[in-house]
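Below is a short briefing on one structure, grouped by topic. Please read it with the sequence and the model open.

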Amino acid sequence: MTTKSDTKLIRTVCPAHCGIDACGILAHVKDGRVVKVEPAEFPDPKYRRICLRGLSSLDITYHKDRLKYPMKRVGERGEGNFKRISWDEALDTIAEKFKAIAAEHGWPSIGWVLGGPGAGTTKFGAYLRLASLTQSTRVSAWGYGDAGLPCGSRVIFGSQFPYALLFGNLLAGKAEPDMVVVWGANPGESQPLNLMRPIMDAKAKGARLAVIDPRFTVTASKADAYLGVKPGTDSALALGLMHVIFKKGLHDVPFILRHSTGPYLVRNDTGKYLRGQDLGLEAAQEYVVWDSAGNGPALRQAEGVVPAIEGAYTVSGIACKTAFQLLKELCARYTPEKAAATTGVSADLIIRLAERIGRVEETIFVTHMGFTRTYHGDISLRALGTVATVTGNVMATFKGGHLPAVLNWKPFLKAVPDKPSYSRLGILQLYDAIISGKPYPVKAVWFSFINFLNQCANSGKIEKEVFANLDFIVDTELFMTPTARYADILLPVCSYLEFSDLVPHPYPFVQYQQKAMEPLYESRSDADIAAGLAERLGFSEYFAGGEDGFVDLLLDSRDPSMEGITREKLREGAMSINAIPEMEEAFDIPLSTPSGKIEIYSEGLVEDDQALPFQLDPLESPVPGKKTKYPLAFIQGHSRFRTHSMFANVDTLLEMNPEPVVEINPRDAGERDILDGDRVVVYNDRARTKLKAVVSEGVSPGVVNIMQGWWIDQFEEGSVNHLTHDVINPVQVKIYEPNMHMNDVAVEVVKVK
Amino acid sequence: MELRLGLVIDQERCIGCEACTVACKKENHGSAGFIRVRTQNVEQKDVPAGKFPELRMTFMPLVCNHCENPPCAAVCPMDAIEKRQDGVVILDQEACDGCGACVDACPYEAVSINEEGDVAEKCNLCSHRIDQGLEPFCVICCEGQAIHFGNLNDPEAEVGRLAGSETAFQLLPEQGTGPFVFYCPPLAPRGV
């Protein structure tokens, strides 16, 4: 491209925590300053994109409020009074403090609280490497909103994410669906943002679009049908859809038989799958089906078996039903009218959507975290997955395409193979570890790329109990965020234009986030900061290669997906991960569930009464028939003006979206004498949050929405997460780790007189 | 074929994100982005029309229409606004004295006086870019891929095809301005 000769063009990546998007960025550099960013080219022009936040990159890098040098706290925690110190003093202090705390309480009492690294890898990896070397605690941040979906996905699909199975082909540009159902996600404005283009492409080619959301989002505005479901009732909707599908015989029997546990027999007495050992067979752990051909039980993989999909059978005196039969019986109770009464979606719409999903060739379900941030959000995800499974819309068969990018993480994180690694705590479990020392005490925390106080549940508890019980807090930040005010040592980090990283996104591409300018002021990259501390803890040899050394380590092609991809080549642009050739015959994707199949029935959750995707009441959100102390369900949408709490302090964006507002339906506003633009207080037992009301039909009656990510100091009083709770769902602990249920909160709203 | 450079904005693809506004502001350093997104049929941005759950929300990006007969140019006492051969209506800020006649003359509210109050500003269709063979900056930054740029006279080009489609429309055609910006309306919901 043509530019003035004194301007250098550097291809880099915006790794903001849109995660799977990672727009390629062409940085225009003049005299060491980045003067402009634009969307970089991609091998496929469909991937060339940027957003209003990415376009505001320089407002972050050159923001007048950037932290400029290391500081130590001089006032009370939270006051924001700090004194400039040198990097040496900062790192020496941290090393000494960590050693002293570890000597008294053990290294696991040091917790690395690493939030959303976005699409970045080495900054995250550098700290984990240090956590591993010191055998301290990695505090997993999945639980701050993102653990509900993996909990559900692990149970039904045996994978952390359901994305590849539900919409992998859409991401890879290989799908031509008849129908797209966006459920609990708003790709027009938030993750998975990079799906909005393929969704609209599919729609242009004739696909119908249905959107399921308590808010009428941008994505919903593009829909052929909008289902305004009440928060926390998604499972009821799924059961209602399946009721219709089963009643009309629209389910995909061959798919259910081949890919799911539907035909497997389940014992009536224990609720467990019937196994070979129950029949005295040598294949003791093997699953058993009812063979319609032989009219008797058979191991699932036995030759010539024709498994029965439904029915009740008695085998060796043990009464059983197929898993599908159990699902069908559950769904039989969820007539469209009953589902409508729970969800708020009309019975007619439920029937029509079910019939269309059942009748068309291919429906793609696009989903994300929104509806899984409810107390039983993991079950909601399973319910969605079950609808996709019984209609044959899980991409459980591989027909050629791309391998997933497989980075060489293991040696990177676990630098010394034989040594034990870090301990792991979920972020919601961290509260208790700090407050009451359970399951073990955490005395010091290191925050990086996380605005913990602002973004985690129950901010008041964090202020009063979590922070108050910590001996030492380190934060690496760009700005004086609400969290940074509580740090004992505050370290200035680089913006993305000032350091290098590897970004294995967007699928199916890998990109190099190339440093475009020298770090401003005394800021350092997180990888450099980790290296500085490692040196003081005696681990400098593991950080000798710097950021690029880490990038090379990750790119080391032990896996065929990374073959031929090098840092040097990535300087020029994004590279496609290796495609595998088209298969002549389709083969089943091996799933990591206990059965290796899609588990529409989970025997591991029998004791918890959650073996099937039941509709269970939300924790706080009001649903019909349940008495709650506060009448309105409070949810937190994700705004295009921020990525979580990033960009909340950018003037360009504040001009367009100046302050937090609570959206309330005219019906609820009328009952409370609230007019558009009034100041109101949103409150519950935990907090009062004062802000402006926007009266909008865009939220369901009975629901109020505040876009998450505003900083606490941008509210007159309270904040979004002062209203949320930190209640742990023990079933999620058992499955994986507990989630914060930001969309399962009840409030009342009152006008400020 | 006569060159008639213009835009086609596809409301079906516009997701109202305002990346175009930010892109314009960054590229052209105007006091406001020269392309601004309205939410149709309501006063407030991002609020749907209708009653829950029967709702509609349509976004309308508004920009200089690069008119065939630009009323702004006609009233400019300084001759600072010119319709170029290729169709672009250029406001030359060097020649402008900030009198504001163009602001009043434009039926599209596409011209404004800058923050300092001394000069008019509007979209020049990124003439500094298109003269180098590049697309306007809002076009390459549009998240929805809703803004198309090119020769409206070329039936082979995407803009020509879209502008010639049955449903394409111009804003205020009755004013006789002859806009070089066309819109494609959103598809009506088809239900399921």
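In α17(A), the buried residues are A:Asp526, A:Ala527, A:Ile529, A:Ala530, A:Ala531, A:Gly532, A:Leu533, A:Ala534 and A:Arg536; buried means under 20% relative accessible area, exposed over 50%, and partly exposed in between, with a 1.4 Å probe and protein chains only. This is a predicted model, in which local features need pLDDT of at least 70 and side-chain atom pairs count only at pLDDT 80 or more, while totals for chains, interfaces and linings use all residues. Residues are numbered from 1 along each chain as its sequence is written, chains are lettered from A and ligands numbered from 1 in the order in which they are written, and side-chain values use heavy atoms, with hydrogens and water left out.

**Helix α17**

- Helix α17 of chain A spans residues 526–536 and is mostly covered, with nine of its 11 residues buried.
- Helices (H or I, at least four residues) and strands (E, at least two) are DSSP runs, numbered from the N terminus.

**Helix pair α7 and α12**

- The axes of helix α7 (residues 234–247) and helix α12 (residues 377–390), both of chain A, come within 8 Å and cross at roughly 20 degrees.
- Axes are lines fitted to C-alpha atoms, for helices over the stretch in contact, and angles run from 0 to 180 degrees between N-to-C directions.
- α7(A) and α12(A) are therefore roughly parallel to each other; angles under 35 degrees count as roughly parallel, over 145 as roughly antiparallel, 65 to 115 as roughly perpendicular and the rest as oblique.
- The crossing of α7(A) past α12(A) is left-handed, a term used if the near helix is turned anticlockwise from the far one by less than a right angle, with right-handed used if clockwise.
- From α7(A), A:Asp234, A:Ser235, A:Ala238, A:Met242 and A:Phe246 meet A:Ile379, A:Ser380, A:Ala383, A:Leu384, A:Thr386, A:Val387 and A:Val390 of α12(A); contact means heavy atoms within 4.5 Å.
- The contact of α7(A) with α12(A) has eight nonpolar, three polar and one charged residues, where Ala, Val, Leu, Ile, Met, Phe, Trp, Tyr, Cys and Pro count as nonpolar, Asp, Glu, Lys and Arg as charged, and the others, Gly among them, as polar.

**Helix pair α14 and α16**

- Helix α14 (residues 427–435) and helix α16 (residues 459–466) of chain A have axes that come within 10 Å and cross at roughly 25 degrees.
- α14(A) and α16(A) are therefore roughly parallel to each other, and α14(A) passes α16(A) in a left-handed crossing.
- A:Tyr431, A:Ile434 and A:Ile435 of α14(A) make the contact with A:Lys461, A:Ile462, A:Glu465 and A:Val466 of α16(A).
- Five nonpolar, no polar and two charged residues make up the contact of α14(A) with α16(A).

**Cysteines**

- Zero disulfides are found over all chains, a disulfide being a pair of cysteine sulfur atoms within 2.5 Å.
- B:Cys76 is in no disulfide, and the nearest cysteine sulfur, that of B:Cys99, is 6.1 Å away.
- B:Cys76 is buried at a relative accessible area of 14%.
- For B:Cys123, the closest cysteine sulfur is in B:Cys64, 5.5 Å away and too far for a bond.
- B:Cys123 is also buried, at 11% relative accessibility.

**Buried residues in chain A**

- A:Ala308 is in the loop between β13 (296–299) and β14 (312–315) of chain A and is buried, with a relative accessible area of 7%.
- Leaving aside neighbours within four places in sequence, A:Ala308 is in contact with A:Pro263, A:Trp290, A:Ser292, A:Tyr313 and A:Thr322.
- A:Thr363 is in strand β16 (residues 363–367) of chain A and is buried, with a relative accessible area of 1%.

**Backbone geometry**

- Most residues other than glycine have a negative phi, and most peptide bonds are trans.
- The peptide bond from A:Gln191 to A:Pro192 is cis, with omega near -15 degrees.
- A:His505 and A:Pro506 are joined by a cis peptide bond with omega about -10 degrees.
- A:Ser316 has a positive phi near 50 degrees and is exposed at 58% relative accessibility.
- B:His66 has a positive phi of about 45 degrees and is buried at 1% relative accessibility.
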